[in-house]
Amino acid sequence: MYVRLIAAVLVSVISTYAHAVDEDWNTNASDPLDWSSAGSKKPLGHGVLETRSTTTCGPSANNAVCASNLCCGPNGVCGTGSYYCAAPSCLFQYGPACDANQTPTGVNTTSVPRPKLGSTQYGVSIRDCGIPGKVALTFDDGPYIYTSALLDILKEKGVKATFFLVGNNGGKGQINDPKTGYPALIQRMYNEGHQVGSHTWSHADLSTLTRQQRYDQVVKNEIALTDILGFFPTYLRPPYESCNADCLNDLKDLGYHVANYDIDTLDWQGDYTRSQSIFSSNLKSASPSARGFISLAHDIHDKTVHIFAAYMIDTLLAAGYTTALYGECMNDPPANWYRNSTTGEPYTGASHNTSTASNAKSVSVSSNSTTTSITHSSTTATPSAVVGGEGAFGSRTGNATVSGTNGTASGTNGTATKSQATSGMGLKSSETAGTFFGMGLTWAILSWLFWI
Ligand SMILES: [Zn+2]
């Protein structure tokens, strides 16, 4: 019996090792979105089964494009699963099935007029809060599973913040897909007086894209946000703070202010002692009567939400500052923070109460030339359907089609048209190995039970 038990355990260990050497078994799910800064585009880990093909793709493979049902992973290999498919790591130009190539459902906003609104600058990178004594707390990369808790904390503290939302990253699904729980969460965010900005559709480095790809990154996110809110923002923060001259021009044409920051807390690096030091030393470097600040943190990190957010609020108040929304720092009227998704004019339903958290309010939403009055409830929208469910975050609701948003949108994604890698799929099935592992484990347990 002991021999069989030992053999079974050995089989299990070998199977597990096979996963490791395949590089396909991502078990580090402790921080699945740990990519959120320049130079930190780490592979994602969701504990999701992955499969890899024998075909290669991307710049390291002569710009080869994967088959239509496959993604091009950051390792330059075609495959499926979060590691290969999830934005922003997936090389979407070479992997038709990459998340980034999905198009959200909703009214196409491509042809919405984009007049310049207000006096806030376009075509430049904005970093400074123009109002002395104000600190705009901004959070990037959400929504995610901690965002609901952050809204609770902000509400408790009576503080409003600005969120730059990504449409489809980290394998979390499309933000306007009700199954994710995010539409209600984003609605709550807005209802409670926080400013909603765009952080692109899939957290791509805008400076590396073609004009069409940049437009896709912007328009797809506004389609999703319009689907949720009925209007879309005029403030956008470029991922990795990256926006070259062409990008600045394109964002100007699309009617977006490039909303950067002047305090980078580096919270994503996980050294919160240093983040606290960065934040407090910046505030102390000036007098509240002399200047304001715009800080950057990320609500996709547990400690940022549960520890650092309260620290920032308490510290800024103790230093004599108060909080402001990004648009307030610009002295921009709230109507200009969002665009009517039909006329392109300021969204006149916008009403941000910055002194108290409102639980619910009615707003007018103009959609398709028909104005309807809807009530936004502030029901807590923790995406419980997906919290803790890695499968949900790894879900693929779209398909590999990259062309065309709705209606008249050209909206194609990716201009890479090199020949498709057509060699045999040769998928190494991690599932097979996983099953093997499970069988070995079962065998071990049964052997043990029989022995007893
Ligand atoms: Zn980001």
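Trainee: Is Asn62 buried or exposed?

Mentor: A residue is buried if 20 or more other C-beta atoms lie within 10 Å of its own, exposed if 12 or fewer, and partly exposed in between, with C-beta atoms placed from the backbone. Asn62 has 11 other C-beta atoms within 10 Å, so Asn62 is exposed. Please note that this is a predicted model, in which local features need pLDDT of at least 70 and side-chain atom pairs count only at pLDDT 80 or more, while totals for chains, interfaces and linings use all residues. Residues are numbered from 1 along each chain as its sequence is written.

Trainee: Where is Asn62 placed, and what is its phi?

Mentor: Helices (H or I, at least four residues) and strands (E, at least two) are DSSP runs, numbered from the N terminus. Asn62 belongs to the loop between strand E1 (51-56) and strand E2 (71-72). Its phi is positive, about 55°, although Asn62 is not a glycine. Glu241, also not a glycine, has a positive phi near 60°. Glu241 sits in the loop between strand E9 (235-236) and helix H6 (245-253), and it counts as partly exposed because it has 18 C-beta neighbours inside 10 Å.

Trainee: Why does Leu206 count as buried?

Mentor: Leu206 counts as buried because 24 C-beta neighbours lie inside 10 Å. The residue is in the loop between strand E7 (195-198) and helix H5 (211-229). Two residues are in contact if their C-beta atoms, placed from the backbone, lie within 7 Å. Not counting residues up to four places away in sequence, Leu206 touches several residues, including Thr200, Arg214, Pro238 and Cys247. Leu206 and Pro238 are 32 residues apart in sequence, yet their C-alpha atoms are 6.9 Å apart in space.

Trainee: At what angle do helices H7 and H8 pack?

Mentor: Axes are lines fitted to C-alpha atoms, for helices over the stretch in contact, and angles run from 0 to 180 degrees between N-to-C directions. H7 (residues 272-284) and H8 (residues 302-318) pack at about 20°, with axes 10 Å apart. H7 is therefore roughly parallel to H8; angles under 35 degrees count as roughly parallel, over 145 as roughly antiparallel, 65 to 115 as roughly perpendicular and the rest as oblique.

Trainee: Which residues in H7 and H8 meet?

Mentor: Among them are Tyr272, Phe279 and Leu283 in H7, and Ile307, Tyr311 and Leu316 in H8.

Trainee: Which peptide bonds are cis?

Mentor: The bond from Ala87 to Pro88 is cis, with omega near 5°. Another cis peptide bond joins Gly142 and Pro143, with omega about 0°.
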